[in-house]
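Thanks for coming, everyone. Please bring up the model on your screens, and we will walk through it together.

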Amino acid sequence: MGIGPAVAIPAAIKSTGMELDDIDLFEINEAFASQFVYCRKKLEIDPAKVNVNGGVMAIGHPLGVTGARCVTTLLHEMKRQGKDYRFGVISMCIGTGMGAAAVLERGDCVDDLCNAWKIETNNFLSKDAPQNT
């Protein structure tokens, strides 16, 4: 349990067509200090780009709002840092070794004419979903 973000983060970033180095900030929920340290080291994330305000051990959060806390903290910090901070990743571990991650883009950094990352195929549907939609 706890190391799911080390797998979920690369998968989420890859699905956008980006690389780990394209991400400006990371907010990884800290279930335990050792879990967070393992994930950061495994992914070789620059410590200056991850949990810059301290993680949940420093900030805390009520039970059941991990995702909301991570999203809010990340988006607020990206806005505070300015337009150079365009892409962020949140991630958390889930019991039994699973992990979840999402890539977020600040809307005020995208111009009206184009988006930075064009995705040619949508492979987010399950294999059972109809493929003609």
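How many bridges join strand 2 to strand 3, and do the two run parallel or antiparallel? There are 8 bridges, and strand 2 (residues 87-94) and strand 3 run antiparallel. Two strands pair here if DSSP finds at least two bridges between them.

Some ground rules before we go on. This is a predicted model: local features need pLDDT of at least 70, side-chain atom pairs count only at pLDDT 80 or more, and totals for chains, interfaces and linings use all residues. Residues are numbered from 1 along each chain as its sequence is written, and side-chain values use heavy atoms, with hydrogens and water left out.

Now the overall layout. The chain has 4 helices and 3 strands. Helices are DSSP runs of H or I, at least four residues, and strands are runs of E, at least two, both numbered from the N terminus. Along the sequence the pattern reads α-β-α-α-α-β-β.

Contact means heavy atoms within 4.5 Å.

Which residues of helix 1 are buried? They are Pro5, Ala6, Ala8, Ile9, Ala12, Ile13 and Thr16. Buried means under 20% relative accessible area, exposed means over 50%, and partly exposed is in between, with a 1.4 Å probe and protein chains only. The buried residues of helix 1 pack against strand 1, helix 2 (33-43), strand 2 and strand 3. Just after helix 1, Gly17 takes a positive phi of about 85°. Across the chain of 133 residues, 36% count as buried.

Last topic: charges. Side chains of opposite charge can pair when their charged atoms come close. We call it a salt bridge when a side-chain nitrogen of Lys or Arg is within 4 Å of a carboxyl oxygen of Asp or Glu. The count is 3.

Take Glu27 and Arg69. Their closest N and O atoms are 2.7 Å apart. Glu27 sits in strand 1 and Arg69 in helix 4, 42 residues apart, so the pair links distant parts of the chain. Is Glu27 buried or exposed? Glu27 is buried, at 3% relative accessible area. Arg69 is buried too, at 9%.

Glu77 and Arg80 form another, with closest N and O atoms 2.8 Å apart. Both lie in helix 4, 3 residues apart, about one turn of the helix. Glu77 is buried at 2% relative accessibility, whereas Arg80 is exposed at 54%.

Then there is Glu105 with Arg86, where the closest N and O atoms are 2.7 Å apart. Glu105 is in strand 3, and Arg86 is in the loop between helix 4 and strand 2, 19 residues apart. Glu105 is partly exposed, at 29% relative accessibility.
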